[in-house]
Amino acid sequence: MNLNATLFAQLVVFLILAWFTMKFVWPPIMKALDERAGKIADGLAAADKAKADLAHAEREAAEAEAGVASQRAKESLREHAAVLAVAGAERILRKEINAKAHAELLTQLKSEL
């Protein structure tokens with residue numbers, strides 16, 4: 001048996017196998033890898049978009065909650081200012097002011113404040 005002929009035959013078989021692999025096996029594998037990379041990239045992009053949307057929604061909810069709290073604080077402050085105004089007027093006049101009789105006046109005072 002000739003060593004050179006065996007090496008030459010193995011080289012020819014290896015080249016045929018390499019050609020067959022590059023022609024028929026490698027393209028479907030690369031196609032599947034490219035599709036998977038695309039799906040992963042799409043998933044990451046969707047996750048980033050969802051994260052941004054969530055942050056935006058949380059920010060809007062916080063702003064709405066702050067607006068409601070601000071409105072409550074303003075209303076409370078108006079009521080407190082009206083009570084203080086009545087107490088101050090009572091001290092100035094040295095007599096008690098009937099809040100029921102002056103409810104309309106107090107309402108106007110709240111709206112002005």
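## First stop: a nonpolar patch

Begin by selecting Trp19, Phe20, Phe24, Val25, Trp26, Ile29, Met30 and Leu33, which together make a nonpolar surface patch of about 790 Å². Patches are built from residues with over 30% relative accessible area and no salt bridge, where like charges are joined within 9 Å and nonpolar side chains (Val, Leu, Ile, Met, Phe, Trp, Tyr) within 5 Å. Accessible areas come from the Shrake-Rupley method with a 1.4 Å probe, and for residues only the protein chains shown count as cover.

Before going on, note that this is a predicted model, in which local features need pLDDT of at least 70 and side-chain atom pairs count only at pLDDT 80 or more, while totals for chains, interfaces and linings use all residues. Residues are numbered from 1 along each chain as its sequence is written, and side-chain values use heavy atoms, with hydrogens and water left out.

## Second stop: the whole chain

Now show the protein as a cartoon, where you will find two helices and zero strands; helices (H or I, at least four residues) and strands (E, at least two) are DSSP runs, numbered from the N terminus. Switch to a surface view, and the accessible surface comes to about 10,000 Å², of which 65% belongs to carbon and sulfur atoms. Of the 113 residues, 2% count as buried, where buried means under 20% relative accessible area, exposed over 50%, and partly exposed in between (1.4 Å probe, protein chains only).

How many aromatic pairs does the structure hold? There are two, and rings of Phe, Tyr and Trp (its six-membered ring) pair if their centres lie within 6.5 Å, with planes under 30 degrees apart counted as stacked, over 60 as edge-to-face and the rest as tilted. The rings of Trp19 and Phe24 have centres 5.9 Å apart and planes at 90°, so this pair is edge-to-face. Phe20 and Phe24 make a tilted pair, with 5.2 Å from centre to centre and 45° between the planes. Because Phe20 and Phe24 are four residues apart in helix 1, about one helical turn separates them.

Select Trp19, Phe20 and Phe24 together, and you have one aromatic cluster. Within it, Trp19 is exposed at a relative accessible area of 51%, whereas Phe24 at 47% and Phe20 at 42% are partly exposed.

Side chains of opposite charge can pair when their charged atoms come close. The structure holds two salt bridges, a salt bridge being a side-chain nitrogen of Lys or Arg within 4 Å of a carboxyl oxygen of Asp or Glu.

Select Lys49 and Asp53, which form a salt bridge with their closest N and O atoms 3.7 Å apart. These residues are four apart in helix 1, so about one helical turn lies between them. Lys49 is exposed, with a relative accessible area of 54%, while Asp53 is partly exposed at 44%.

Finally, select Arg78 and Glu75, whose closest N and O atoms are 3.8 Å apart in their salt bridge. Both lie in helix 1, three residues apart, which is about one turn of the helix. Arg78 is partly exposed at 23%, and Glu75 is partly exposed at 32%.
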